Amino acid sequence: MPSTIPVEFGTGRLGDEIPSWLSIQPLKRKLYGIDLYFREAWGELSTAARSADELRGWMNRHAILLCKPDAVVSRQLEAVFDWLARHDITVVASEITSASRHVIRALWEFQWNIATRDRRDVTELFMARSHMLVLVVRMPSHPVPAAVRMAALKGSADASVRESHQLRSSLSTVNYILNAVHSPDEPADFVRELSVLLDEEQRRRVLHAMLIGAEHAPSAEAERLYQQTDRERSLDYATRRSEWLHAIVATERGGVIDTDHGLLLTELLASVEAGKRGWHEFPTAMAHAQVPWDAWDTVVLGTTLADANVPGRFRVLSGTSVTEWVRG
């Protein structure tokens, strides 16, 4: 069922452009036609579907919702499940997965051309803190594909433009990067991310669940993740900042550092927050002074203070809104 429209560049034919009903973006249709992740899952879906209509129906009704490590360590998976149920969205299958540096880069390959090195590094750091939960969900039939609808219902990474009914508004998201969940933008991204996030055996289980119209309660997977992962205290910056200052005072009282050293650490934090010093300097100084500090402290500091995007750049592939999809 692949498209017969060739993808060609200066060197000649490189592959086949994907069908237009998978994406309204012409560039995405060309890039995904030669993308190994997309081609892998697309081949499996095309083989499993009994007809072109069934395949298109799957794409219309199914979406992915990825619960990231910050959602796991802050114990928000049940809040995600409750939100899905309230919006008449059925979990078809759930799979536990992990994010290596290669998975992370593949997931955002066509968006991270604008990402700063700080953003890439700190994302890799927190994505490695825990396994994640991939939810494949089924939504009621609608002219707009489920992936597009789910991306809209999930809500923006920017809290200032979210609406109250959106998923991220129901969760304790922290900032632009620590936003608890991720979902693909279009059916084409749904196909590609099946391959990025899941191995062959996991995809086989997901395809079977889609084929039989399964309903699945992901509570067992959630409990397994909780057993594997320590619950993390608040990831809120203000809360963490207060803890850092208390830790500095406690380290002074313990005789590890003197008062002058503690004052220097406090002043360094203020300088970092004012943009006068690099944010990396504070974790280094805290560790050198033997003040308690862990990876989540670095994540909270970095995701709050580091520049996320390189100014003046645009993503290779942008997101797709419901309005754009209908128009397209």
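Visitor: How exposed is L263?
Guide: In this predicted model, L263 is partly exposed, with a relative accessible area of 46%.

Visitor: Where is the place of L263?
Guide: L263 belongs to helix α13, which covers residues 259-273.

Visitor: And what separates L263 from H246?
Guide: The two residues are 17 apart along the chain, and their C-alpha atoms are separated by 12 Å.

Visitor: Let us turn to S46. Is S46 buried or exposed?
Guide: S46 has 14% relative accessibility, and therefore counts as buried, since buried means under 20%. S46 is found in helix α2, residues 36-48.

Visitor: What does the side chain of S46 reach?
Guide: The side chain of S46 reaches the backbone oxygen of W42, at 2.8 Å.

Visitor: Now for α5. Which residues of helix α5 are buried?
Guide: In α5, residues 77-86, the buried residues are L77, V80, F81, W83 and L84. Seen down the axis of α5, these buried residues fall within an arc of 160°, so they line one face of the helix.

Visitor: Why can residues a few places apart point the same way?
Guide: An α-helix has 3.6 residues a turn, so residues three or four places apart point the same way.

Visitor: Which residues are exposed on the other side of α5?
Guide: On that other side, A85 and R86 are exposed.

Visitor: What follows α5?
Guide: D88 follows α5, and the phi of D88 is positive, near 60°.

Visitor: Moving on, why is α8 described as largely enclosed?
Guide: Eight of the nine residues of α8, residues 146-154, are buried, so this helix is largely enclosed by the rest of the structure. The buried residues are A146, A147, V148, R149, M150, A151, L153 and K154. After α8 comes G155, whose phi is positive, near 95°.

Visitor: What about pockets? What volume does the largest pocket have?
Guide: The volume of the largest pocket is about 850 Å³.

Visitor: Which residues lie nearest its centre?
Guide: Of the 39 residues that line the largest pocket, K154, R168, H182, D185 and R315 lie nearest its centre. K154 is also one of the buried residues of α8.

Visitor: Which helices and strands supply the lining?
Guide: At least two lining residues each come from α6 (101-107), α7 (117-127), α8, β6 (181-182) and α9 (187-197). The largest share, four residues, comes from α8.

Visitor: And how many lining residues are nonpolar, polar or charged?
Guide: The lining of the largest pocket has 17 nonpolar, 11 polar and 11 charged residues.

Technical notes
Residues are numbered from 1 along each chain as its sequence is written. This is a predicted model: local features need pLDDT of at least 70, side-chain atom pairs count only at pLDDT 80 or more; totals for chains, interfaces and linings use all residues. Side-chain values use heavy atoms; hydrogens and water are left out. Buried means under 20% relative accessible area, exposed over 50%, partly exposed in between (1.4 Å probe, protein chains only). The arc is that of the directions from the helix axis to the C-beta atoms. On a 1 Å grid over the protein atoms alone, a cavity is a set of points where a 1.4 Å probe fits but cannot get out, and a pocket is an open set with protein on both sides within 12 Å along at least five of seven lines; lining residues have an atom within 4 Å of a point. Grid points are joined across faces, edges and corners, and a volume is the space filled by probe spheres set on the points. Ala, Val, Leu, Ile, Met, Phe, Trp, Tyr, Cys and Pro count as nonpolar, Asp, Glu, Lys and Arg as charged, and the others, Gly among them, as polar. A polar contact is a pair of N or O atoms within 3.5 Å; within protein, one must be able to donate a hydrogen and the other to accept it, and residues adjacent in sequence count only if both atoms are side-chain atoms.
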